[in-house]
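Biologist: I'm new to this one. Can you bring it up and walk me through it?

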Amino acid sequence: MELTDSIWEIIKTNSKALDGKVWYGVKSTKIFCKPSCPSRIPNKSNVLLFTNLDTPVQNGFRPCKRCQPINEIVSDDIWIDEINYILESYYDQNLTLAELSVLAHGSISHLRHVYQSKTGISPSEKLMQIRMDKAEILLQNTKRSIGDIGNDVGIPNNSYFIKLFKKTYGVTPHQYRVDRIN
């Protein structure tokens, strides 16, 4: 089904006119919603339409925790998978907890509580783990500068990046790279 201007207007205004007939998936988050979902309006270029409720699931989309498009409460385990997908996809950006909650279609406090209780760490700690893992890979496989690597993993402040890397690995990024060569 094509995303026409009239369908886009229904999504933008959270109209219930097409609920139960059409669902939309957001490619960047892999979440699908009812047209009436009150979550943030996605980028139009990231929207896919579905006329069959089975199709989004078959294509790797997860139901929105907020609008519950399959009329079932989304389990916390599925929501954690969604949050991890978002963290992996957006680690290189300035991803605040508020922005994460919008992308994951939930409240800040509930997201933080559920994530911490299910994983034992906060979403911010998970984001930092992902960033450090990506930085380690870049240090091993590229000759990019330390500052560029920090920027690539979402930490544009060079001294802060070095401090976090040293806290994680026990050595500075430069020393890590030197030790890997020797």
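Modeller: Cys67 is buried, with a relative accessible area of 10%. Buried means under 20% relative accessible area, exposed over 50%, and partly exposed in between, with a 1.4 Å probe and protein chains only. This is a predicted model: local features need pLDDT of at least 70, side-chain atom pairs count only at pLDDT 80 or more, and totals for chains, interfaces and linings use all residues. Residues are numbered from 1 along each chain as its sequence is written, and side-chain values use heavy atoms, with hydrogens and water left out.

Biologist: New topic. Which residues touch the most other members of the largest nonpolar core?

Modeller: Ile11, Tyr24, Leu49, Ile83, Leu87, Leu100 and Phe161, out of 45 residues in that core. A nonpolar core is a set of buried Ala, Val, Leu, Ile, Met, Phe, Trp, Tyr and Cys residues joined through side-chain atoms within 4.5 Å.

Biologist: Which helix gives the most to this core?

Modeller: Helix α3, residues 76-90, with six residues. Helices (H or I, at least four residues) and strands (E, at least two) are DSSP runs, numbered from the N terminus.

Biologist: What is Ile83 in contact with?

Modeller: Leu100, Ala104, Leu111 and Tyr115, leaving aside neighbours within four places in sequence. Contact means heavy atoms within 4.5 Å.

Biologist: Now the sheet. What order do the strands have?

Modeller: β3-β1-β2-β4, in an open sheet of four strands with mixed pairing. β3 (47-50) and β4 (62-63) stand at the edges with a single partner strand each, so one side of each has no neighbour in the sheet. Two strands pair if DSSP finds at least two bridges between them.

Biologist: In what sense do β1 and β3 pair?

Modeller: Antiparallel, over four bridges. Gly25 stands opposite Leu48 in β3.

Biologist: Where is His105, and is it buried or exposed?

Modeller: His105 lies in the loop between α4 (97-103) and α5 (108-119). His105 is buried, at 8% relative accessible area. Its phi is positive, near 60°, in a residue other than glycine.
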